[in-house]
Amino acid sequence: MSVSHNTVKQSVSVFAPASIGNVSVGFDVLGLAVKPIDGTLLGDVVSVSATTSGESSLTVIGKFADKLPSNKEDNIVWSCLLLFNEKLLTVKQTSILVDIVLDKKMPVGSGLGSSACSVVAALAALNAFYAKYHDFSFSENELLKMTGQMEAQISGSLHYDNVAPCYLGGLQLMVPDVDIISRTLPNFADCYYVMAYPGIEVSTKAARDVLPTQYSRSDVITFGQNLATFVDACHRQDKSQAFSVLTDVIAEPYRTDLLPKYKASRDYLTTQGALAVGISGSGPTLFCVCDSQPQAEQFALWLQEHYLQTALGFVHVCKVDEVGATEI
Ligand SMILES: Nc1ncnc2c1ncn2[C@@H]1O[C@H](COP(=O)(O)OP(=O)(O)OP(=O)(O)O)[C@@H](O)[C@H]1O
Ligand SMILES: N[C@@H](CCO)C(=O)O
């Protein structure tokens with residue numbers, strides 16, 4: 001046996017998946033992690049390694065690297081390192097110097113939880129790196145709080161509906177309890193989620209600015225009834241009941257004008273038998289639910305032809321990602 005004298009570089013890589021924020025009935029309080037059935041990594045990857053230069057660095061690679069600010073201080077991954085070090089300083093009176101590589105696979109302003117993918121992959125990778133080489137890690141809840149803080153910094157408001165499913169996997173319901181933050185709901189194992197990103201950008205902030213500040217009593221009642229019925233149906237595994245109420249009265253009616261071809265596509269897919277169609281997060285990605293793979297593939301082809309608007313667009317047939325952020 002030969003013995004290598006090269007020192008093995010201390011390194012950790014984490015993948016964080018795309019997610020559907022809101023899931024139509026849970027504005028800011030429901031989110032679902034998804035993964036393409038063909039094995040495509042739909043999400044960001046962050047690698048953290050021990051630095052040899054005496055100072056931390058950030059390198060951004062990947063298909064959508066050029067959509068991010070060129071200045072590292074404006075990249076949310078850099079803010080994650082600063083926050084992680086601030087917390088470390090508080091509990092361990094120390095901080096780390098690392099080289100970070102962000103593989104930006106997710107389009108920005110897509111409705112797929114792009115900033116959440118970067119935030120979750122970065123904080124989970126830093127935490128795993130510190131656990132592996134320094135024997136300490138923040139708890140799941142502490143880390144989740146940090147992801148929320150970073151998501152709020154970038155989007156201007158604190159909502160966990162992308163970071164929670166991205167970190168924890170599955171279907172997540174945000175609860176108003178800081179010691180819990182998010183609960184995993186049962187989802188429907190035989191369902192497919194066709195995700196169609198048209199290739200245009202809609203900023204979360206702009207899509208929030210078009211929303212009313214007040215709602216009518218009838219909308220409030222419909223919202224509460226749909227969300228409660230959906231959550232109850234998930235627990236009872238009553239698929240037809242769950243998807244029959246997947247109607248958004250809070251955001252979708254005001255956002256459709258920002259999404260060319262959305263309304264016509266939703267109407268077509270619904271008449272063709274989709275269980276539900278909605279806007280993923282703040283758009284422009286459309287999601288369509290069905291419980292047969294051939295039908296999902298057929299809808300994917302249709303969306304490819306009718307919903308995409310630029311060469312950057314794509315369609316994926318997905319299932320629920322039950323795992324969330326994972327070391328690769
Ligand atoms: N690593 C990063 N990933 C994504 N956006 C980043 C990142 N670093 C900085 N940004 C900036 O943050 C802003 C993110 O905007 P926005 O909240 O609309 O995007 P998003 O989180 O990608 O959207 P969505 O949740 O709809 O996928 C953009 O201006 C982008 O340039
Ligand atoms: N709940 C958020 C998701 C986007 O990050 C919204 O719809 O504005």
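Ala, Val, Leu, Ile, Met, Phe, Trp, Tyr, Cys and Pro count here as nonpolar, Asp, Glu, Lys and Arg as charged, and the others, Gly among them, as polar. With those classes, the shell around ligand 2 divides into 3 nonpolar, 8 polar and 3 charged residues. This is a predicted model, in which local features need pLDDT of at least 70 and side-chain atom pairs count only at pLDDT 80 or more, while totals for chains, interfaces and linings use all residues. Residues are numbered from 1 along each chain as its sequence is written, and chains are lettered from A and ligands numbered from 1 in the order in which they are written.

**Two domains**

- The chain is divided into domain 1 (11–185) and domain 2 (192–319), with bounds that come from an automatic or database domain assignment.
- Their C-alpha centres lie 24 Å apart.
- Across the interface, 27 residues of domain 1 are in contact with 36 residues of domain 2 (C-beta atoms, placed from the backbone, within 7 Å).
- On the domain 1 side, strands E2 (19–21), E3 (30–36) and E7 (171–174) each give two or more residues; strands (E, at least two residues) and helices (H or I, at least four) are DSSP runs numbered from the N terminus.
- E3 gives the most to that side, with 3 residues.
- By class, the side of domain 1 that touches domain 2 has 13 nonpolar, 13 polar and 1 charged residues.

**Around ligand 2**

- Ligand 2 is surrounded by 14 residues (C-beta atom, placed from the backbone, within 6 Å of the molecule).
- The closest of them are Gly21, Asp28, Thr204, Gly281 and Ser282.
- Both domain 1 and domain 2 supply at least three residues to this shell.
- Helix H5 (residues 204–209) makes the largest contribution, 3 residues.

**Helices H2 and H3**

- The axes of H2 (residues 114–134) and H3 (residues 140–155) come within 10 Å and cross at roughly 145 degrees; axes are lines fitted to C-alpha atoms, for helices over the stretch in contact, and angles run from 0 to 180 degrees between N-to-C directions.
- Ser115, Ala116, Val119, Val120, Leu123, Ala124 and Asn127 in H2 meet a set of H3 residues that includes Leu143, Met146, Met150 and Ile154.

**From the UniProt record**

- An unreviewed UniProt entry annotates residues 75–170 as "domain: GHMP kinase N-terminal"; such annotations may be inferred rather than shown by experiment.
- In the model, the end C-alpha atoms of residues 75–170 lie 27 Å apart, and the span is 62% helix and 6% strand.

Methods: Two residues are in contact if their C-beta atoms, placed from the backbone, lie within 7 Å.
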